[in-house]
Amino acid sequence: MTPLNKLTTTLKQTGLIKFLSHFAEQFSDIMLKDLSMGSIGEDRKVDFLGKTVTNFGSDSFLGLDQDERVKDALRKGIERWGSHNGASRAFSSVETNVLAEEKLAEWLGIEAVLIYPSVTLANVGAIPGLVGKQDIIVLDQHCHNSIQEGAKIAKANGSQVLFFEHCDPSSLAKVLQSAGKYRHALVAIDGIYSMSGVIPPLKELNKVCMDNNAILYVDDAHATGVVGTKGRGTVLDAVGNYENILLVGSLSKGFSCLGGFIGCTQEMKSLLKWKSNTFIFGGPVGPPYLDAICTVCDILSSGEYELIIGRLKRNLNILVQGLRSQGLQVLGGATPIVSVVVGDEEQTLKAGHILFQKGFYVQSVIFPAVPYHGGVLRIQVNANHRPDSVKDLVNAFQELQKEIEFPTAGLKNAA
Ligand SMILES: Cc1ncc(COP(=O)(O)O)c(C=O)c1O
């Protein structure tokens, strides 16, 4: 047996792999994981496994992935730049990168923006770069995996990492006050928790930070483009300013392009360029996508945004009202991520499979993405779903309840 074979055997014996393999083997016909999409059409119709279904599993909340102006910007970007600029931005950037950052900053009402190739690379690069040995990082216990990975690197470098209870300002205050002496504290949270759609009490959390010499780091990936005034996310409307906040956003979800960013002061931007290893030692977003990001910024900053967001809210209302009126336990609803609690893992997979057979793709989410026995059907509503398709999905849930027993209350769930 080679050392590599031995490693493969060891990995197969870890708890997580055993758990997931058990489901993959026992429920291979209903898992619906690793799906490969054959085509995409109007009304978010997609072809999976040779079957056409309406896709309720896309983060392209505004439907801009199918917008001709966005596609055109990509085509023109390829003509202008080719597919790639082939160098870390520590050396040089294409002009459109600078322009995209300026446009994003203007749209957000923040001093400056630094674009990373993804939100994961922003979190994993910036978090360890911001803190040192005398500093602490305090995480919401359900914050996104990429924040936690960034915190692990910071911990390996000597920072202390602590957790507070999900969305609980008093728990945050307790953790900060009992942490001992620190130079800086970075409190990292999600702006929307992506498995439940929950929005944290930002104003209260920021106040606790201000009272305890801590900076608030908000990963607003799921809110970028779809929540708040002009789609600027959860932060500005809730807190009123960005004075004590580092704002992380996504260009791959509501924006339908590629990348992530950190919004901050001009001075902090310059520091992050030197302190984020993923920025220095990795490549940038491809230039055509930067052109597309500029186009999306123009759309979001125009009067048309209200029309697009209006379509999204209309669809979201149909879905949430329809599901709640059936007595289902619905998480979220203020944002385009809506989760229906099922609980048991097998029942969650089975429910997703039945909906698939009926012509709807939603994501069956089980442990470890949610707590054990906290399975949910996660539905992502988009502005370019036809209202009738959303109504059809609601009706399909009515049918589904004849085959699956849904809990109506009392199940603990999480981010
Ligand atoms: C809060 C949050 N942060 C980060 C990410 C990862 O983003 P990316 O795919 O850009 O790395 C996600 C993805 O869903 C997310 O929900």
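This is a predicted model: local features need pLDDT of at least 70, side-chain atom pairs count only at pLDDT 80 or more; totals for chains, interfaces and linings use all residues.
## Two places in the loops

Another loop, the one between β1 (37–40) and β2 (45–48), holds Asp 43. The phi angle of Asp 43 is near 60 degrees, which is a positive value in a residue other than glycine.

## The chain as a whole

The secondary structure of the protein chain comes to 15 helices and 15 strands. Its C-alpha trace spans about 60 × 55 × 50 Å along the principal axes.

## Helices α5 and α6

Helix α5 (residues 119–130) and helix α6 (residues 145–156) have axes that come within 8 Å of each other and cross at roughly 25 degrees. Angles under 35 degrees count as roughly parallel, and α5 and α6 are therefore roughly parallel to each other; their crossing is right-handed.

On the side of α5, the contact is made by Val 119, Thr 120, Asn 123, Val 124, Ile 127 and Pro 128, while α6 contributes Ser 146, Ile 147, Glu 149, Gly 150, Ala 151, Ile 153 and Ala 154. Sorted by class, the residues of this contact are eight nonpolar, four polar and one charged.

## Helices α4 and α12

The axes of helix α4 (residues 95–108) and helix α12 (residues 287–301) come within 9 Å and cross at roughly 25 degrees, so that these helices, too, are roughly parallel to each other. Here, however, α4 passes α12 in a left-handed crossing.

The residues of α4 that make the contact are Thr 96, Asn 97, Leu 99, Ala 100, Lys 103, Leu 104 and Trp 107, and those of α12 are Pro 287, Leu 290, Asp 291, Ile 293, Cys 294, Cys 297, Leu 300 and Ser 301. This contact of α4 with α12 has 10 nonpolar, three polar and two charged residues.

## Around the ligand

There are 13 residues around the ligand, and of these Ser 118, Val 119, Thr 120, His 144 and Ala 221 come nearest. Val 119 and Thr 120 also belong to the α5 side of the contact with α6. By class, the shell around the ligand has two nonpolar, nine polar and two charged residues.

Notes: Residues are numbered from 1 along each chain as its sequence is written. Axes are lines fitted to C-alpha atoms, for helices over the stretch in contact, and angles run from 0 to 180 degrees between N-to-C directions. Helices (H or I, at least four residues) and strands (E, at least two) are DSSP runs, numbered from the N terminus. Angles under 35 degrees count as roughly parallel, over 145 as roughly antiparallel, 65 to 115 as roughly perpendicular and the rest as oblique. A crossing is left-handed if the near helix is turned anticlockwise from the far one by less than a right angle, and right-handed if clockwise. Two residues are in contact if their C-beta atoms, placed from the backbone, lie within 7 Å. Ala, Val, Leu, Ile, Met, Phe, Trp, Tyr, Cys and Pro count as nonpolar, Asp, Glu, Lys and Arg as charged, and the others, Gly among them, as polar. A residue is near a molecule or strand if its C-beta atom, placed from the backbone, lies within 6 Å of it.
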